Amino acid sequence: MRFQYCPHCGKKAEMRQVGDEGVIPYCAVCEVPLWDLFTTSIIAAVVNEYDEVALLRQDYVSTTNHVCVAGVMKPGESAEETVVREISEELGLRVKSLKYIKSYPYEKKEMLMLGFQAVVDKQEFILSGEVDAAEWVRFEDALPLLREGSIAWQLVKAVTGGQDDLPDR
């Protein structure tokens with residue numbers, strides 16, 4: 001979100017040079033820079049002890065490709081708590097361990113996605129209403145099911161050994 005008006009006093013923002021940040025919206029009344037806002041969310045490659053990754057079908061996200069568990073962080077919630085909550089809500093699984101992989105800017109939706117590897121024990125899924133289907137997919141078969149180059153694809157590639165060093169599981 002880019003501010004045109006001050007959220008504190010409602011006055012129209014002016015464009016002003018702020019240090020090394022460049023020209024940004026500024027409220028002269030409140031004397032505060034109005035930094036652009038973005039949504040912070042998580043995305044998780046959920047893996048099990050059999051070198052499988054959980055891939056989801058969510059028609060409201062894509063009708064052609066699988067996706068990973070993802071969700072928006074709630075106020076007062078850490079990224080790790082969000083991962084655990086989203087995996088529990090969407091798949092009905094309990095997370096045994098987490099590893100932060102990398103952040104992914106998602107400019108199209110003004111989001112910053114924090115990517116994680118989440119290790120769970122293989123179980124049947126208990127799907128939420130927002131998940132149309134989910135399946136366990138062997139690491140070597142996962143990438144073709146995701147949109148090439150997407151954030152989910154990049155994360156799964158990193159977690160399943162598409163890079164030289166496989167993260168600890």
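## A guided tour

Begin the tour at Glu110, which counts as partly exposed at 35% relative accessibility; here buried means under 20% relative accessible area, exposed over 50%, and partly exposed in between, with a 1.4 Å probe and protein chains only. This is a predicted model, in which local features need pLDDT of at least 70 and side-chain atom pairs count only at pLDDT 80 or more, while totals for chains, interfaces and linings use all residues. Residues are numbered from 1 along each chain as its sequence is written, and side-chain values use heavy atoms, with hydrogens and water left out.

Glu110 lies in the loop between strand 7 (95-106) and strand 8 (111-120). Helices (H or I, at least four residues) and strands (E, at least two) are DSSP runs, numbered from the N terminus. Although Glu110 is not a glycine, its phi is positive, about 50°. Most residues other than glycine have a negative phi.

**The whole chain.** Now select the entire protein chain. Its secondary structure comes to 3 helices and 9 strands, and along the sequence the pattern reads β-β-β-β-β-β-α-β-β-β-α-α. The C-alpha atoms fill a box of roughly 60 × 35 × 30 Å, taken along the principal axes. Buried residues make up 41% of the 169 residues. If the viewer can colour by pLDDT (the predictor's confidence in each residue, from 0 to 100), apply that scheme: the mean for the chain is 93, and 96% of the residues reach 70 or more. Over residues 163-169, however, pLDDT stays under 50.

**The sheet of strands 1, 2 and 3.** Next, select strand 1 (residues 14-17) and strand 2 (23-27). They pair in the antiparallel sense over 4 bridges; two strands pair if DSSP finds at least two bridges between them. Glu14 stands opposite Tyr26 in strand 2. The two strands form a hairpin with 5 residues between them, and Gly19 in the turn has a positive phi of about 50°.

Is Glu31 buried or exposed? Glu31 is exposed, with a relative accessible area of 59%.

Return to Glu110, one of the residues that line the second largest pocket. On a 1 Å grid over the protein atoms alone, a pocket is an open set of points where a 1.4 Å probe fits, with protein on both sides within 12 Å along at least five of seven lines; lining residues have an atom within 4 Å of a point. The volume of this pocket is about 180 Å³. Other lining residues include Arg2, Asp36, Phe38 and Tyr106. Strand 7 and strand 8 each supply at least two residues of the lining.

**The largest pocket.** Which residues are the closest to the centre of the largest pocket? About 750 Å³ of space lies in this pocket. Of the 28 residues that line it, Val61, Val67, Tyr106, Lys109 and Met113 are the closest to its centre. Strand 4 (39-47), strand 6 (69-72), helix 1 (79-91), strand 8 and helix 3 (151-159) each supply at least two residues of the lining.

**Met113.** Select Met113, in strand 8. At 8% relative accessibility, Met113 counts as buried. Leaving aside neighbours within four places in sequence, Met113 is in contact (heavy atoms within 4.5 Å) with residues including Ser41, Ile43, Ala70, Tyr104 and Ile151.

**Helix 3.** Finally, select helix 3, where Ile151 is one of the buried residues. Of its 9 residues, 7 are buried, so helix 3 is largely enclosed by the rest of the structure. What covers its buried residues includes strand 4, strand 5 (52-57), strand 7, strand 8 and helix 2 (139-142). Helix 3 is followed by Gly161, whose phi is positive, near 100°.

Technical notes. Points joined across faces, edges and corners; volume = space filled by probe spheres on them.
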